[in-house]
Amino acid sequence: ADQPVTVGLEPANKPFIFNSGGEYTGFSYDLWVEIAKEAGLKFEARSMDFSALIPALQTKNIDVGFSSIFITAKRKEVVDFSDPYYMAGTGALVSETSAIKTLADLNAKHVAAMTGSAQVAWIKANLPSAELTQFQNATDAFLALQAGRVDAVLYDYPTLAYYALTEGKRKARLLDEHAGEDYPVGFALQKGSSLVEPINNALKKIRLDGRYDALSRKWFGKTGS
Amino acid sequence: MTFDWSAFFESFPGLLYGARVTLFVTLVSLPAGLLLGAMVGVILTYAPTPIASIAQVYVGLIRGTPMVVQIMFIFFGLPALMDVRLDGLTAGIVALVINSSAYLAEIVRGGLLAVPRGLQEAGLAMGLRFGQVIRYIVGPVAFRRMIPALGNQFVIGLKDSSLLIVIGVGELTRTGQEIMTDTYRAVEVWFAVAIIYLAMISLMASLLKSLEKHVRIA
Amino acid sequence: MTFDWSAFFESFPGLLYGARVTLFVTLVSLPAGLLLGAMVGVILTYAPTPIASIAQVYVGLIRGTPMVVQIMFIFFGLPALMDVRLDGLTAGIVALVINSSAYLAEIVRGGLLAVPRGLQEAGLAMGLRFGQVIRYIVGPVAFRRMIPALGNQFVIGLKDSSLLIVIGVGELTRTGQEIMTDTYRAVEVWFAVAIIYLAMISLMASLLKSLEKHVRIA
Amino acid sequence: MSIIEITGVVKRYGSVDVLKHIDLSIASQEIVFLIGPSGSGKSTLLRCINALETVSEGDIVVDGLSVRGGKAEVRKIRLEAGMVFQQFNLFPHLTALENVMFGPLRVRGVSWRDAAEIAEALLIKVGLKERMRAYPSELSGGQQQRTAIARSLAVKPRLMLFDEPTSALDPELRFEVLQVMRQLAEEGMTMVIVTHEIRFARDVGSRLLFLDGGRIMHDGKPDQLLSDPPSERLRTFLQHVA
Amino acid sequence: MSIIEITGVVKRYGSVDVLKHIDLSIASQEIVFLIGPSGSGKSTLLRCINALETVSEGDIVVDGLSVRGGKAEVRKIRLEAGMVFQQFNLFPHLTALENVMFGPLRVRGVSWRDAAEIAEALLIKVGLKERMRAYPSELSGGQQQRTAIARSLAVKPRLMLFDEPTSALDPELRFEVLQVMRQLAEEGMTMVIVTHEIRFARDVGSRLLFLDGGRIMHDGKPDQLLSDPPSERLRTFLQHVA
Ligand SMILES: Nc1ncnc2c1ncn2[C@@H]1O[C@H](COP(=O)(O)OP(=O)(O)OP(=O)(O)O)[C@@H](O)[C@H]1O
Ligand SMILES: Nc1ncnc2c1ncn2[C@@H]1O[C@H](COP(=O)(O)OP(=O)(O)OP(=O)(O)O)[C@@H](O)[C@H]1O
Ligand SMILES: NC(=O)CC[C@H](N)C(=O)O
Ligand SMILES: [Mg+2]
Ligand SMILES: [Mg+2]
């Protein structure tokens, strides 16, 4: 494999993957770098919106796609996935002063989610009278929440938690409940990709030799998610 | 890859809903943009230098930045700056009004300047006030000649409404994207989206043509 | 809210990198678009009806759909249809070339038609072949008069490159968005982005002005 | 008493004196022809009279009103002095009838019905009974110019200024316009006419001015000046024009 | 032998016959003036001669070459017959000199140096020695028209066609163009001239044609036709034009 693989990533997902001072970083990104090293893959990173990742795999514009992609049945029909590298659920972020206490309070409210995310499907199924605005990325949604333009952002729980502790401190509050089931998160690959094997092998190795835990400590302060 | 006709047809109901939003946004923004643009255009053409300069800066700022940036600024920046809350649809309409007003102002200015000076002089020589000359002669003559350019700007406005995709307004392009992320049938969806735009724009163009014919162009 | 000057200034290095991509995309696409547009324009103007009609359909399809849709189609649709692999940058450049070529073709056609018929007749009456008349007389005269319109289209192209944001090409607008993910300072970042666009566009405009002055306009 | 009184008028563009100290007085019912080479200032003089150009020095008094008298006075002058241009300048979005009605309606404040009556009478007078509903673009040059004359007459001016009214017309179409002007002259209208139609000036004029380089070089009876030009300058000018 | 031979030419636009069976033969060194009312077909006839318009019926043979003879033959005709237009039609992106050099360079395939020599000589001949490096927009109308004449002469035509060469010019500027044409006539150039300059036609012409409604109504000596018009139609026409 001399040819570098093309990696589509969505750098609007702190602390998993984001752009800091012109360099990509974050837990998922660092993990991918280790995997690539381990599997002997050279790669080129291409930034794209979350909604573009799976179509770009389908059209073979990229070889690997990641952000924090839930491994769902529907997605497995069109792309392949690596083994999961963590589990995550969906949380709801509301403004600090909001009266919203539970997920049930969200019905008839204005909620935000990311285009193409698993949360969109969940909202459509479970909050039929909520008004849904779909954003291209989480940052835009956070800004909309700050501006009071939406009442809640539904997104990956860990990302929301990180935001609530950092930038969103004293502005935003995370509901305790998880919306729906938790999903495994993995690297998305083209259907029938020959990269599934080497990536899974590398991931196994990295989990075993402690590198995975080191990264986890670096980004979350404790092991596991 | 095979073209999946059922995916193509199944996308239509959703897309047509998006097309309604596109039309709504366009039909609300453009008359407002024309009004604002006409005012700015008249100022550009006839106001004394200091006021005209302000208008020039306004037009220059808008024409000198991409509309996507304007949309982002209005949607994400304005609330922070001025404590106003605009929902996406409103912000999008505001962006389209402001953006089109700058281009329309230039069209109006060009139209006014293109009216032969002789008409203005003939009006003045009859004893009309300057305001009357603009209102009854230069304005109407300019307007008739501007119709093609205005129509063109309206078509541009309809297409520009697709940029509201970046702030999540559920217009046609956005709807297309959402359907694509649901069905993962890119070719079929974008093909359908393109067809709907073509239809709307052809319709608009032929309405404008018949308007042009109706209004006698001198 | 207070304007955070340090966030404003700190965004510049990253944004300037994005601006380089914007310039690169623009400067690669537009000459290519002009070449393609000139060919299509000449076909529109002088080719026999069947060939001219094909060119008309091409121009109509492109002018009848928003560029965002074209970008989506090229990036997501084309590879599926034709089994080619396009990275975002290439797809973006292809989209800009195709899009601008349609508008430039219309400008070229307008420019050719605006050359007074008398010049063409004077050329023919001297015994020149039709091709010579186009090449030595109508073409050069049209080109000089088209410079402002071409310049305008180049500025539009630069602004349109911001639409590549939707497929993740790291040009200026996209860079702005990514920086926002890190700093969440919308006002400062979009303000900085707007300033950089204004600077690039003013620079381009003044270069074009001086080119206009250089080329004698008849 | 003179209806136009020009005293010491200078018109300057930048540092160029286009009119150089013009003194001229024109009496009621005079038919004054203004000839002279291109650039001699004929149009400028005419345009100063109805204040389309401001004078740099001196004053022009039309029927007791000064061109320096402020906006209201200038508008009154323009009502007194009708103007006909080389490029007809009809309002292209109005029919011939509407063009002629426009002044009475908007300037004189006459009722719609009266304005229509005035306009019809004038269009009949200039021979356009059949073409009243036509738009300017549907009229020949001669018809357009006759409509323009009718439009000027509609506000009932006391004098008429013509700036080369026939030079944008084909030779065959000039005749009908000149006919209308001849009729006006016979009715006693005061007229100042810039033209290259030397024969017409001789036929109709009561006075001929030869302008050269912004000065009135000759001022006399058309017949005399034309048959026996008092200067070499006028003689060569006439040779080239006729 | 005649240099232009027109036989049974009809020119039709749609269902309108603009030229109705024209027969005409013009000998070398004739100076033929074409007059007639607007729309009578003067320009059309001229344009048919050098094949800028195709003829609907009949044929025109110029110096042995037929206008129906195909592209190459048509181009040869155009080299033989220089044409001067009412709207000078100079190439605006080229200087006066380059305009005149253009034909020799591109059509005759002459070297750059020779073309420049030819052009300079011609521009001196038409009195534009000092203005050679000027662009058309920097020249007066009369200077432009003289440049246009020089440009036509540069490909060494055997005859010259003029379509109202002075009617877009101010009266004072006409003179210099007519001077150049007079000189050409004296040098023995065959010329066909459409014009309203009746006096010039009388002075210079060897033959006068009066076109009316697409037909040649009169054909004779200018002096005779003009002093004593053989028809009422020509008489009124002359009254209006002169
Ligand atoms: N707005 C202006 N600015 C500068 N110079 C001007 C302006 N208007 C006219 N002139 C100059 O004033 C001079 C007189 O112009 P004017 O139009 O009065 O001449 P004219 O006698 O009417 O000539 P023509 O027979 O060509 O109409 C000319 O040299 C002209 O170039
Ligand atoms: N391309 C055309 N299509 C249709 N009709 C035309 C065309 N060209 C000329 N004509 C008509 O042919 C007739 C003769 O035109 P032509 O230009 O030869 O007249 P002319 O004698 O040169 O008139 P003028 O003195 O106005 O130049 C006119 O009625 C004109 O309208
Ligand atoms: N942008 C993200 O990675 C979050 C999307 C969400 N985890 C999903 O897979 O649908
Ligand atoms: Mg004048
Ligand atoms: Mg003609």
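Reader: How much area do chain B and chain C bury between them?

Author: The model is a predicted one. In the contact of these chains, 34 residues come from chain B and 33 residues from chain C. Carbon and sulfur atoms account for 79% of the area that chain B and chain C bury between them, and that area is about 2800 Å².

Reader: Which element gives the largest share of the side of chain B that touches chain C?

Author: Two or more residues each are given to this side by α2 (49–63), α3 (67–82), α6 (130–160), α7 (172–183) and α8 (186–214) of chain B. The largest share amounts to nine residues, and the element that gives it is α8(B).

Reader: How do the residues on the side of chain B that touches chain C divide by class?

Author: Between chain B and chain C there are zero salt bridges. Four residue pairs are in polar contact across this interface, with both residues at pLDDT 80 or more. The residues on the side of chain B that touches chain C divide into two charged, eight polar and 24 nonpolar.

Reader: Which chains have the most contacts among the six pairs that touch?

Author: Some chains do not touch: for chain A and chain E, the nearest C-alpha atoms are 49 Å apart. Chain B and chain E are likewise joined by no contact, and their closest C-alpha atoms lie 20 Å apart. Among the six pairs of chains that touch, the most contacts are between chains B and C.

Reader: What pattern does chain B follow along the sequence?

Author: Chain B has eight helices and zero strands. Read along the sequence, its pattern is α-α-α-α-α-α-α-α.

Reader: What percentage of the residues of chain B count as buried?

Author: The C-alpha trace of chain B spans about 70 × 45 × 25 Å along its principal axes. Among contacts in chain B with a separation of 6 or more, 76% are between residues 24 or more positions apart. Chain B exposes about 9100 Å², of which carbon and sulfur atoms supply 68%. Of the 218 residues of chain B, the share that count as buried is 56%.

Reader: How much area do chain A and chain B bury between them?

Author: This contact takes 18 residues from chain A and 19 residues from chain B. On the side of chain A, the residues that lose the most area to chain B are Gln134(A), Gln136(A) and Arg149(A), together 34% of what that side buries. Carbon and sulfur atoms carry 54% of the area buried between chain A and chain B, which is about 1600 Å².

Reader: Which residue forms a salt bridge with Lys74(A)?

Author: The count of salt bridges between chain A and chain B is one. A salt bridge needs a side-chain nitrogen of Lys or Arg within 4 Å of a carboxyl oxygen of Asp or Glu. Here the closest N and O atoms are 3.0 Å apart, and the residue that pairs with Lys74(A) is Asp182(B).

Reader: Which element gives the most to the side of chain A that touches chain B?

Author: Across the interface of chain A and chain B, eight residue pairs are in polar contact, both residues being at pLDDT 80 or more. At least two residues each of the side of chain A come from α2 (50–58), α3 (73–78), β10 (131–135) and α5 (138–146) of chain A. By class, that side has six nonpolar, eight polar and four charged residues. With four residues, the element that gives the most is α2(A).

Reader: Why does Thr95(E) count as buried?

Author: Thr95(E) lies in the loop between β6 (81–84) and α3 (96–108) of chain E. Beyond its neighbours within four places in sequence, Thr95(E) is in contact with Met132(E), Arg133(E), Ala134(E) and Tyr135(E). Buried means under 20% relative accessible area. Thr95(E) therefore counts as buried, since its relative accessibility is 9%.

Reader: Is Thr147(E) buried or exposed?

Author: Thr147(E) is found in helix α5 (residues 141–153) of chain E. Its C-alpha atom is separated by 9.9 Å from that of Thr95(E), 52 residues apart along the chain. Leaving aside neighbours within four places in sequence, the contacts of Thr147(E) include Leu90(E), Ala96(E) and Val100(E). With a relative accessible area of 0%, Thr147(E) is buried.

Definitions and conventions
Residues numbered from 1 in each chain as written. Chains lettered and ligands numbered in written order. Heavy atoms only, no water. Contact = heavy atoms within 4.5 Å. Buried area = accessible area lost by both parts, 1.4 Å probe. Polar contact = N/O pair within 3.5 Å; in protein donor to acceptor, adjacent residues only side chain to side chain. Nonpolar A, V, L, I, M, F, W, Y, C, P; charged D, E, K, R; others polar. Buried < 20%, exposed > 50% of the residue type's maximum accessible area, 1.4 Å probe, protein only. Areas by Shrake-Rupley, 256 points an atom, 1.4 Å probe, with all protein chains shown as cover.
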